[in-house]
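The report below describes the strand pairing, the nonpolar core and the salt bridges of one protein model. Please read it alongside the sequence and the structure.

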Amino acid sequence: MVRLLATLPLLTALATPVQAQTEAERIKAAIAEIAAEHDLTVLGWRPVPVRPDDAATVALLRPGMRVAVIGVGADGAAHTLTDDAVVLWIPSDDGGSVTTARAGRLVVLSVPDAVADPIAAMGITGAIGLRFA
C-alpha cells in the first residue's frame with residue numbers, strides 16, 4: 001500500500017500530457033470530419049487561421065459554413081481573396097489571455113492552396129473581412 005501511494009504523484013504527472021493530447025486529437029478529428037463532410041480532403045486545400053476585423057461576425061459562424069474572405073490593403077481597396085473558404089474551427093474565446101498584435105477572435109478556415117499565402121499575409125499586413133458565400 002505504501003508503494004502504491006508513493007507512485008501516485010508519478011501516475012498523476014503521466015496522466016496530464018495524455019489528457020492534453022486527447023484534447024488535441026479531439027480537435028484534429030473534428031477538423032478532419034468537417035473536411036471530409038465538405039469534400040475538403042482532396043489535395044489543394046490548406047487550413048489558415050485568420051482574425052476578422054469584425055469580431056461580431058465570428059459569433060455568427062459555425063464549422064462547415066462557406067464564407068468569402070475579403071482583404072483590405074493599405075490603399076483601402078477591398079479584394080475578394082476567395083469566395084470558397086470553409087470554416088473548420090473556431091477556438092473558444094480566450095478572454096484576452098493570449099497577447100496578439102490584433103484584436104478579434106481567431107477562425108481557422110480551409111482555403112484553396114492558391115490563396116492560402118495571400119490570406120495569411122493579409123492577416124498580417126491588412127484587414128480581413130468575411131461574408132457569407
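## Basis of the description

Two strands are taken to pair if DSSP finds at least two bridges between them, while the elements themselves are DSSP runs numbered from the N terminus, with helices being H or I of at least four residues and strands E of at least two. This is a predicted model, in which local features need pLDDT of at least 70 and side-chain atom pairs count only at pLDDT 80 or more, whereas totals for chains, interfaces and linings use all residues. Residues are numbered from 1 along each chain as its sequence is written, and side-chain values use heavy atoms, with hydrogens and water left out.

## The sheet

With those terms in place, β1 and β4 pair in the antiparallel sense over 6 bridges, and within this pairing Arg46 has Val111 of β4 as its bridge partner. The open sheet to which they belong is formed by 5 strands in the order β1-β4-β3-β2-β5, with antiparallel pairing. Its edge strands are β1 and β5, each of which pairs on one side only, and the twist from one strand to the next averages 40° (axes are lines fitted to C-alpha atoms, for helices over the stretch in contact, and angles run from 0 to 180 degrees between N-to-C directions).

Further into the sheet, β3 and β4 run antiparallel and are joined by 3 bridges, with Val86 standing opposite Ser110 in β4. The antiparallel strands β2 and β3 are joined by 6 bridges, and Val72 has Ala78 of β3 as its bridge partner. The hairpin of β2 and β3 has 5 residues between the strands, and in this hairpin Gly76 takes a positive phi near 85°.

## The nonpolar core

The largest nonpolar core has 19 residues, and those with the most contacts inside it are Val69, Val107, Leu109, Val111 and Ile119. Such a core is a set of buried Ala, Val, Leu, Ile, Met, Phe, Trp, Tyr and Cys residues joined through side-chain atoms within 4.5 Å, where buried means under 20% relative accessible area, exposed means over 50%, and partly exposed lies in between (1.4 Å probe, protein chains only). At least two residues of this core are supplied by each of β1 (45-50), β2 (66-72), β3 (78-89), β4 (107-112), α3 (113-125) and β5 (127-132), and the largest share, 4 residues, comes from α3.

Leaving aside neighbours within four places in sequence, Val111 is in contact (heavy atoms within 4.5 Å) with Gly44, Trp45, Arg46, Val48, Thr82, Ala85, Ala116 and Ile119.

## The salt bridges

The structure holds 2 salt bridges, each defined by a side-chain nitrogen of Lys or Arg within 4 Å of a carboxyl oxygen of Asp or Glu. In one of them the side chains of Arg46 and Asp113 meet at 3.3 Å, N to O, and this pair links distant parts of the chain, Arg46 lying in strand β1 and Asp113 in helix α3, 67 residues apart. Both partners are partly exposed, Arg46 with a relative accessible area of 45% and Asp113 with one of 34%.

The other salt bridge is formed by Asp84 with Arg66, whose closest N and O atoms are 2.7 Å apart; here too distant parts of the chain are linked, with Asp84 in strand β3 and Arg66 in strand β2, 18 residues apart. Asp84 counts as partly exposed at 29% relative accessibility, and Arg66 is likewise partly exposed, with a relative accessible area of 34%.
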